[in-house]
Amino acid sequence: MIEVVDLYKSFATGRGRSRRTIEAVRGVTLCAADGSVTALLGPNGSGKTTTLRMIATLVVPDRGSARVDQLDTVTDALGVRQALGVLSDARGLYSRLTTRENIRYFGRLRGMDDRAIDSALARLAELIEMEPLLDRRTEGFSQGERMKVAIARALIHDPRNLVLDEPTNGLDILSTRALRELIRRLKDAGKCILISSHIMQEISALADHIVIIAEGATVATGTAASLLERTGALNLEDAFVALSAGPAPAALSEADLEGAVTEPLPESAVLDKPAEDPGPPS
């Protein structure tokens, strides 16, 4: 389970008189349950990626807390990384290494021995249908093939929780359908999946629970049906526009907090860098 309560994060830009502070996240609260897909929905610049980076222990929040399986992302960052797999929207791979070598390298970074890596990789290759890719160098891989390698890399240590930042970005129709089916299988296996996207079709197809953020703050939570009922909209896109268009609240209401944090929900931590190939690891 992933729990986020009232997260804040600001960044300073510029120097001297041009220096200013940007509030990237200013009050995000959400709860992603085990065995379900929770969607973080918001326009570009709304704070989705910064929120995910705080969950992944890559950015320290200014205020608030984030927990993964009750482990605090600040005080127990290593524990969180063991419990978490992260797939970012960049799927950088070591192009001079094969798929197997790429994944084995990241498995070793997780403290796994080669026998455990090979066993896990055999299961993942079957699950993701990537056996033909294992001994090919990743240079020249299609977006769909790169996605398969990146998600195997995020899953190699069998994390209980998975964060996907715009996972279908750049994928063709067939690759998108394959990824959606994989997410459903992982959900059925009891994984907690938090997915960030601004594609309504993707959210409608996958999400059990939706968290909408705008201008860095949580503005609404609920199922797709409850958000439609709340806004009177006929589709999720119209509901999203209605809920995200207004000014973000300074804080959630008590009812919203209850719904986001305690209401039962329905049915790595290494961001996949480098974006550019730095050459094989020594």
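1. Asp6 pairs with Arg63 in a salt bridge, with 3.4 Å between the closest N and O atoms. A salt bridge here is a side-chain nitrogen of Lys or Arg within 4 Å of a carboxyl oxygen of Asp or Glu. The two residues are 57 apart and link distant parts of the chain: Asp6 sits in strand 1 (residues 2-13), Arg63 in strand 4 (residues 63-68). Helices (H or I, at least four residues) and strands (E, at least two) are DSSP runs, numbered from the N terminus. Asp6 is partly exposed at 27% relative accessibility. Arg63 is partly exposed too, at 47%. Buried means under 20% relative accessible area, exposed over 50%, partly exposed in between (1.4 Å probe, protein chains only).

2. A note on the basis. This is a predicted model: local features need pLDDT of at least 70, side-chain atom pairs count only at pLDDT 80 or more, and totals for chains, interfaces and linings use all residues. Residues are numbered from 1 along each chain as its sequence is written, and side-chain values use heavy atoms, leaving out hydrogens and water.

3. The structure holds 13 salt bridges. One of them joins Arg104 to Asp118, with the closest N and O atoms 2.7 Å apart. This pair also links distant parts of the chain, 14 residues apart: Arg104 is in helix 3 (residues 99-109) and Asp118 in helix 4 (residues 114-128). Arg104 is partly exposed at 22%. Asp118 is partly exposed at 32%.

4. Helix 6 (residues 173-188) holds both Arg184 and Glu181, three residues apart, about one turn of the helix. Their side chains form a salt bridge at 3.9 Å, N to O. Arg184 has a relative accessible area of 34%, and Glu181 has 35%.

5. Cys192 is in no disulfide. Cys31 is buried, at 4% relative accessible area. Cys192 is buried at 0%.

6. Ser196 lies in strand 8 (residues 192-197). Is Ser196 buried or exposed? Ser196 is buried, with a relative accessible area of 0%. Beyond its neighbours within four places in sequence, Ser196 is in contact with Leu40, Lys48, Leu52, Leu164, Asp165, Glu166 and Pro167. Contact means heavy atoms within 4.5 Å.

Terms used: Disulfide = S-S within 2.5 Å.
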